[in-house]
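Let's take a walk through a protein model together. Have the sequence and the 3D view ready, and look things up as you read.

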Amino acid sequence: MPSFSSRLQLSHLFLRRRLLRPPPWLLGRTASISSLKVAWRKDPLLDAAIDRDKRWRLCSRVVREVLNEPGQTIPLRYLEKRRERLGLPVHVKTFLARYPNLFDLHLAPIKPHQAPVPFLRPSPCLRSFLDLDARLRSLHEPLALAKLCKLLMMSRHRALPAEKLLNAKRDFGLPDDLLCSLVPRHPHLLRLVHAAGDRPFLELVSWEDDYAKSVIERRAEEEARLTGVLMRPNFDVRLPPGFFLKKEMREWTRDWLELPYVSPYADASGLYPASPEMEKRSVGVLHEVLSLTLLKRMAVPIIGKFSEEFRLSNAFANAFTRHPGIFYVSLKGGIKTAMLREAYDRGELVDRDPLLEVKDRFVEILDEGHKEYLERINTKREAMQKDLELMARKNAELPEDEEESAETKQPL
């Protein structure tokens, strides 16, 4: 007969297996999640929001290319060779003509004792913008620090590969040199470590309770403060006009919304994979990640790079289409972009990040340069039109002069 300690160990093992095994009633619900399908429907207003930023993104890439060169100057022909990589659809000279206030042209030799060639360098207008960018980033550094800490706090081991963070830094408005500037200035919160294979990771040093509240939780607290009624945190579902869900999906969504909200900063190790509760947590993580971005949207492949660290399933992207009242997936530009629907009103971003002031000023510079380009074209067109009218008048007067000269030559 086994001893009491052996029987106790066996009972603990049995209980552990029962706890780790999903109950039968949950298995049916788990299977239903992956089988639920929602047809994708185009949203022209949200697609237009992405289209409006196409020019800004293109010009930003060209500016960064020049600024990353030694001395922030580059031969014109070198930049022309990089057109395909930059996605520049026109020749560099055409680009410079359209935005004349971004760069200055000057002649210099590439190597000593060589003939001078055209070089590009930032114009005074662009340098003034770069100074403004530095001042605003310094002013809003606490916001960037909070975003970085929140991303680490949502991750499985409170650490993220530095390479992945650098790939997504511009989506969150983080500085380009965050590992050299932002991280060293806050050693009590952040630390750069090297794991096996000399792969650098950014690690959270200490947990900050102030950061461990999601946008949804803060919104519920604010509503409770204004109304005096305790509000339960939940997602804001906004189906687009004319969008209808099938009965099965409506019932599942209703029951799913009634489940308790799972904070993206809470420990998810005890949740069953593919359960409605895990779906609630995954949607909460995706919602929080998009809320931390500048434009409340992000390319799905970039989010996928963090799927392991954020405990997202391989099919996490299906959650975007499974919850059309929370997210929208745009196919503009040949890439899937997840957008937070509640952050937009008729295609206009209403939940604006303070760092968007940098983007707004850059767009103003582009508009000013393009206006100058259009005015120069109109001036040339008007001058050409005047020349044509003058030539037409001369041609019209020419037959009369010939006729008068012919009459004077007739004999008496």
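First, some ground rules. This is a predicted model, so to speak: local features need pLDDT of at least 70, side-chain atom pairs count only at pLDDT 80 or more, and totals for chains, interfaces and linings use all residues. Residues are numbered from 1 along each chain as its sequence is written, and side-chain values use heavy atoms, with hydrogens and water left out.

**Strands**

Helices (H or I, at least four residues) and strands (E, at least two) are DSSP runs, numbered from the N terminus. Two strands count as paired if DSSP finds at least two bridges between them.

Start with an open sheet: three strands in the order 1-3-2, with antiparallel pairing. Its edges are strand 1 (74-75) and strand 2 (103-108), each of which pairs on one side only. Strand 2 is joined to strand 3 (residues 117-122) by six bridges. If you'd like one to find, Asp 104 has Arg 121 in strand 3 as its bridge partner.

Now jump to strand 8 (residues 327-330) and strand 9 (residues 337-340), which run antiparallel and are joined by four bridges. Together they form a hairpin with six residues between the strands, and Gly 333 in the turn has a positive phi of about 75°. Ser 330 has Thr 337 as its bridge partner in strand 9.

Is strand 8 covered on one face or on both? Both faces are covered: Phe 327 and Val 329 on one side, and Tyr 328 and Ser 330 on the other, are all buried. Buried means under 20% relative accessible area, exposed means over 50%, and partly exposed is in between (1.4 Å probe, protein chains only). In a regular strand, the side chains alternate between the two faces of the sheet.

**The core**

A nonpolar core is a set of buried Ala, Val, Leu, Ile, Met, Phe, Trp, Tyr and Cys residues joined through side-chain atoms within 4.5 Å. The largest one here has 95 residues, and Phe 95, Leu 102, Phe 103 and Phe 320 touch the most other members. Helix 9 (residues 141-154) gives this core its largest share, nine residues.

Take a look around Phe 103. Leaving aside neighbours within four places in sequence, its contacts (heavy atoms within 4.5 Å) include Val 62, Phe 95, Leu 120 and Leu 126.

**Aromatic rings**

Rings of Phe, Tyr and Trp (its six-membered ring) pair if their centres lie within 6.5 Å; planes under 30 degrees apart count as stacked, over 60 as edge-to-face and the rest as tilted. The structure holds nine aromatic pairs. Trp 40 and Tyr 328 are stacked, because their ring centres are 6.4 Å apart and their planes are at 20°. Trp 40 lies in the loop between helix 2 (24-35) and helix 3 (44-52) and Tyr 328 in strand 8, so this pair ties together parts that are 288 residues apart in sequence. Trp 40 is partly exposed at 41%, whereas Tyr 328 is buried at 2%.

Phe 316 and Phe 320 make an edge-to-face pair, 6.3 Å centre to centre with 80° between the planes. Both Phe 316 and Phe 320 are buried.

**Helix 12**

Phe 235, Trp 252, Trp 256 and Tyr 261 form one aromatic cluster. Trp 252 and Trp 256 are also among the buried residues of helix 12 (residues 247-257), along with Met 249, Thr 253 and Leu 257. Why are these on the same side of helix 12? They cover an arc of only 125° around the axis, taken from the directions from the helix axis to the C-beta atoms. The face turned away from that buried side carries the exposed residues Lys 247 and Glu 248.

**Salt bridges**

A salt bridge is a side-chain nitrogen of Lys or Arg within 4 Å of a carboxyl oxygen of Asp or Glu. The whole structure has 30 of them, including these:

| Asp 133 | Arg 137 | 3.2 Å |

Asp 133 and Arg 137 are four residues apart in helix 8 (residues 124-139), so about one helical turn separates them. Asp 133 is buried at 17%, while Arg 137 is partly exposed at 30%. Elsewhere, Glu 65, Glu 69, Arg 82 and Arg 85 are linked in a network of salt bridges.
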